[in-house]
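Colleague: Could you take me through one part of this model closely, in a single connected account?

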Amino acid sequence: MILPSVGVFFIGYLMMGFVASLPEVKNAGRKPTAILPSRKVVSGFPPEAAMLQWQKTFDDWANAPEVCKKDKAVNDFQRQQCDAFWEQFQIGLAVSLIPFLLVLAFLMVGLDLLVSIYRKARKKFQTGEAAFSGIVTEPAQVPKDGFAWFHCLTTVAVKLETGQQMKVYLPAELPIPRPGQTLAVFDVGKVLGQKRHLAIVYAPHVVIVSGGRA
């Protein structure tokens, strides 16, 4: 999932630059000049604004006023100034974390999808009740699609008893079946808008519940 995560991070980076440039964000909790003058102005196109936002957040953290860090405000005015400073810093920090939070959400959803498919396939294999059987075609292996790539599966073409050809997925650790071999095909439901079928080499103890071969 590393490559997709890089793409998601880049999208989050651009989103961060766009959000950081919004007047509502730039003006929210504006840092008081009496405490610490702002030395970074977030502006420009999203890539430039995103980099400036990171620099500004780091600068605010590294140069936070001592009176605010150690809660040494001596009067209400300083306390108000510190409250405004920390409010502005927290908003900037939240915006700066957008790419990381987006990647985290992507990984959580992606891993959940991966685990659910593997769990469902394992359960189907363990019951040994295949939906139907298919004969491996010549050539056996066909180009991978996004589903196969994302789930680390091998893509093989099979011919059904009806004469129809279809694509099935095999665990990547298994050797590519030879043309003419029989595969037991298991229906794992609809994923990403399409019905998906995983397969293993047919064994005598596997029951074909439809398709005529048992």
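In which helix is L93 found?

Modeller: This is a predicted model, in which local features need pLDDT of at least 70 and side-chain atom pairs count only at pLDDT 80 or more, while totals for chains, interfaces and linings use all residues. Residues are numbered from 1 along each chain as its sequence is written, and side-chain values use heavy atoms, with hydrogens and water left out.

L93 is found in helix α5 (residues 76-96), where helices are DSSP runs of H or I with at least four residues, numbered from the N terminus. L93 counts as partly exposed because its relative accessibility is 33%; buried means under 20% relative accessible area, exposed over 50%, and partly exposed in between, with a 1.4 Å probe and protein chains only.

Together with L97, F100, L101, L104 and M108, L93 forms a nonpolar patch on the surface, to which helix α6 (residues 98-127) gives the most, with four residues.

Helix α6 has 30 residues and reaches 44 Å from its first C-alpha to its last, close to the 44 Å expected at 1.5 Å a residue, the expected span being 1.5 Å times one less than the number of residues. Buried in α6 are I98, P99, V103, G110, L114, I117 and A121.

L113, also placed in α6, is partly exposed, with a relative accessible area of 27%. Not counting residues up to four places away in sequence, L113 touches F150, H151 and V191, contact meaning heavy atoms within 4.5 Å. L113 and V191 are 78 residues apart in sequence and 9.1 Å apart in space, C-alpha to C-alpha.

Conventions
Patch = residues over 30% accessible without salt bridge, like charges linked within 9 Å, V, L, I, M, F, W, Y side chains within 5 Å. Areas by Shrake-Rupley, 256 points an atom, 1.4 Å probe, with all protein chains shown as cover. Salt bridge = Lys/Arg side-chain N within 4 Å of Asp/Glu carboxyl O. Helix = DSSP H or I, 4+ residues; strand = E, 2+ residues; numbered from the N terminus.
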